[in-house]
Amino acid sequence: MAGRSELRIIRMKDSHLPEVFSLIDNENWGWEFAEIQQIYGLDQGSSVVALDGRDIVGLVTCIDFGSTAFIVHVIVRKGWRGKGVGVRMIETVLADLDSRGVSSVELHANPEAVEFYNQFSFKRLEDITFFAKDAPHSFPEPSAPSESSFSWLSPDDAPALSEALSTVFGYKKEDVEKALSKTPPHQALARIVSGRATAMFLSRTGRDLNAAGPWFMDEPTRAEADGMIRTMLSAVPAKRVDVLSPASNEVAKATFESCGFSVAKAGIVRVARSNSAANRYPGSVLSLGHLGLI
Ligand SMILES: CC(C)(COP(=O)(O)OP(=O)(O)OC[C@H]1O[C@@H](n2cnc3c(N)ncnc32)[C@H](O)[C@@H]1OP(=O)(O)O)[C@@H](O)C(=O)NCCC(=O)NCCS
């Protein structure tokens, strides 16, 4: 095996994507190649690979939304772990983001890896739960959902949506607009009251799954949350649905479970490294993250 001195950290290129995907796929996190292409398509300047000769031995995928960046994957090839590759990749990515004036960097860490990020001044913000539901999307009555208050998004609603997304998630409005225009969601459900979105649920359909979120709901009740989730489920193709929720959100947990979701992974940790104060998501918010805006 080559020594550390021969390792190069370089910007990810289009031609790296198949090998990058193969490393990600080895972790069994459920990502599809198209999603990796989509992430790279959103930002071709922030992701890096670690190269030993021509072999990729590590990768960091990252999307710079403008004021905020989101690190999506951090992986070092087995056999190369514990040799400083991860540290060098993260240092490279952060130095680059800092030089561009990005004020906040976030990621969703495996619990075992939170300590790894502490050394770069990432702070633990909150725990996130990952729910999944297998198709078909049939569920028992009762609970007549209040579907009538929700509508599928029309182009006229786009300003209310980006306003709500930036307010609720703390992203700059122009960042949200850019992300939405580059990869518009396949399904966008919203409850608009007086021109303001008081609830919304975005979703994208991939080859094997529907990636649902981000979503939020002001002061959610079980009945309303139920209505929103069932309305979304009625519209997505009969494939698995993945969604994230702050672990503390009991309404979301109860509602997802009553709609047939189960906990796929608990204890994912949202961490942020920020020049300004990074906030926890409001209790009503399911996070941006696994395929949210990405
Ligand atoms: C996590 C991961 C990216 C770290 O990369 P790495 O190249 O093994 O780590 P490095 O050798 O650069 O850095 C290790 C340093 O971080 C520290 N560290 C703390 N917690 C750690 C952890 N859970 N894993 C690895 N390193 C950790 C080590 O003590 C070490 O510091 P030291 O050199 O002062 O002893 C790598 O182990 C990996 O790919 N794991 C599997 C995929 C994964 O879980 N990715 C993270 C998803 S959030």
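**Entry 1: a polar contact**

I began with E106, whose side chain makes a polar contact with the side chain of R270 at 3.0 Å. For a polar contact I took a pair of N or O atoms within 3.5 Å; within protein, one must be able to donate a hydrogen and the other to accept it, and residues adjacent in sequence count only if both atoms are side-chain atoms. E106 sits in strand β5, residues 104–109. Helices (H or I, at least four residues) and strands (E, at least two) are DSSP runs, numbered from the N terminus. Is E106 buried or exposed? E106 is buried, at a relative accessible area of 5%. Buried means under 20% relative accessible area, exposed over 50%, and partly exposed in between, with a 1.4 Å probe and protein chains only.

**Entry 2: ground rules**

This is a predicted model: local features need pLDDT of at least 70, side-chain atom pairs count only at pLDDT 80 or more, and totals for chains, interfaces and linings use all residues. Residues are numbered from 1 along each chain as its sequence is written, and side-chain values use heavy atoms, with hydrogens and water left out.

**Entry 3: the ligand**

Next I looked up the ligand. I found 20 residues surrounding the ligand, and the closest are V76, G82, G84, V87 and E112. A residue is near a molecule if one of its heavy atoms lies within 4 Å of it. Then I checked backbone atoms. A polar backbone atom of V87 is 2.8 Å from an oxygen atom of the ligand. For K83, a backbone N or O atom lies 3.1 Å from a ligand oxygen atom. F116 has a polar backbone atom 3.5 Å from a nitrogen atom of the ligand. How much of the ligand's accessible area does the protein cover? On its own the ligand has 880 Å² of accessible area, and the protein covers 68% of it. Accessible areas come from the Shrake-Rupley method with a 1.4 Å probe; for residues, only the protein chains shown count as cover.

**Entry 4: helix α3**

I checked the length of helix α3, which has 15 residues (85–99). At 1.5 Å a residue α3 should span 21 Å, and its end C-alpha atoms are 21 Å apart, which agrees. The expected span is 1.5 Å times one less than the number of residues. Which residues of α3 are buried? They are V85, G86, M89, I90, V93, L94 and L97. These cover an arc of only 155 degrees around the axis, so they lie on the same side of α3. The arc is that of the directions from the helix axis to the C-beta atoms. An α-helix has 3.6 residues a turn, so residues three or four places apart point the same way. After α3 comes G101, with a positive phi near 80 degrees.

**Entry 5: helix α7**

I ran the length check on α7, residues 222–235. Its 14 residues reach 20 Å from first C-alpha to last, close to the 20 Å expected at 1.5 Å a residue. Buried residues in α7 include A225, M228, I229, M232 and L233. D226, R230 and T231 are among the buried residues of α7 too.

**Entry 6: backbone exceptions**

Most residues other than glycine have a negative phi, and most peptide bonds are trans. I looked for exceptions. N28 has a positive phi near 55 degrees and is not a glycine. N28 lies in the loop between α1 (17–26) and α2 (33–42). At 69% relative accessibility N28 counts as exposed. S121 is not a glycine either, yet its phi is positive, about 70 degrees. S121 is in the loop between α4 (114–118) and β6. At 43% relative accessibility S121 is partly exposed.

Where are cis peptide bonds found? One joins A135 and P136, with omega about 5 degrees. P136 is in the loop between β6 (123–133) and β7 (151–152). Another joins G213 and P214, where omega is also about 5 degrees. P214 belongs to strand β10, residues 209–217.

**Entry 7: loop residues across the chain**

F120 is in the loop between α4 and β6. F120 is buried, with a relative accessible area of 9%. Its C-alpha is 7.9 Å from that of E91, 29 residues apart along the chain. S138 is in the loop between β6 and β7. S138 counts as exposed, at 55% relative accessibility. S138 and G260 are 122 residues apart in sequence, with C-alpha atoms 8.6 Å apart.

**Entry 8: cysteines**

How many disulfides does a search of the whole structure find? I got zero. A disulfide is a pair of cysteine sulfur atoms within 2.5 Å. C62 is buried at 0% relative accessible area, and C259 is buried at 1%.
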